[in-house]
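Subject: Structure for your review

Dear colleague,

My notes on what was found in it follow directly after.

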Amino acid sequence: MCLASVFPSDAFLRILGTVYILSLFGENSRMQNPILFSGIQPSGALGIGHYLGVMRHWQALCTSHTCLYSVVDLHAITVKQSPDALHKNTFDLLAWYLACGFDPMVQTLFVQSHVSEHAELCWLLSTIAGMG
C-alpha cells in the first residue's frame, strides 16, 4: 500500500515530526533509558530481509531503550533520484514501519528532512569543525 494515496499531502509527515519533538521533550519523557537512533534510506522497495535483519530486532528494543527511527531522505539524495519516486518511497517506508508494529506513541518515528534542526546542525558543525 502506498501511504501517499491515503495522505496526499505532507501533513502526515509534519505530524510525525511533532510526535518526535513531543516524545523527546514531553511531559512523560523517556530519556532515562539508553537511546537508540537509526534510520533507513527510502531508496527502494523493502522486503522480508529488512524485517528479519533489522526491524524485528529494533521492535524488541523498545522496552529497554528510548528508540528514535528515521526515514533518512536527505541521505538518499546523495545519488540522482526522481523527486516523485523519493516522495513515494518516503511514504512507503513510513507505512512499512507502521505495518511492522512500530507505534509512534512508543517509538519516535520521523522524516529527516522534516526536522530542520538536522540541516541546521550540519551547517553549524561544518563552519566550526575542521577535517583532518
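**Helix geometry**

Helix α3 bends by about 40° at V54, where the bend at a residue is the angle between axes fitted to the seven residues ending there and the seven starting there. Please keep in mind that this is a predicted model, in which local features need pLDDT of at least 70 and side-chain atom pairs count only at pLDDT 80 or more, whereas totals for chains, interfaces and linings use all residues. Residues are numbered from 1 along each chain as its sequence is written, and side-chain values use heavy atoms, with hydrogens and water left out.

Helices (H or I, at least four residues) and strands (E, at least two) are DSSP runs, numbered from the N terminus. The 13 residues of α3 (residues 48-60) should span 18 Å at 1.5 Å a residue, and the end C-alpha atoms of α3 are 17 Å apart, which agrees; the expected span is 1.5 Å times one less than the number of residues.

**Aromatic rings**

There are 5 aromatic pairs, counted for rings of Phe, Tyr and Trp (its six-membered ring) with centres within 6.5 Å, and planes under 30 degrees apart count as stacked, over 60 as edge-to-face and the rest as tilted. One of them is formed by Y69 and Y97, whose ring centres are 6.3 Å apart and whose planes are at 25°, so this pair is stacked. The pair links distant parts of the chain, since Y69 lies in strand β2 (residues 66-71) and Y97 in helix α5 (residues 83-99), 28 residues apart. Y69 is buried at a relative accessible area of 0%, and Y97 is buried at 1%, where buried means under 20% relative accessible area, exposed over 50%, and partly exposed in between (1.4 Å probe, protein chains only). W58, Y69, Y97 and F102 together form one aromatic cluster.

**Salt bridge and cysteines**

The structure holds 1 salt bridge, defined as a side-chain nitrogen of Lys or Arg within 4 Å of a carboxyl oxygen of Asp or Glu. It joins the side chains of D92 and K88 at 2.4 Å, N to O; these residues are 4 apart in helix α5 and therefore separated by about one helical turn. D92 is buried at 19%, whereas K88 is partly exposed at 39%.

The count of disulfides, meaning pairs of cysteine sulfur atoms within 2.5 Å, comes to 0. C67 is in no disulfide, the nearest cysteine sulfur being that of C62, 6.1 Å away, and C67 counts as buried at 1% relative accessibility.
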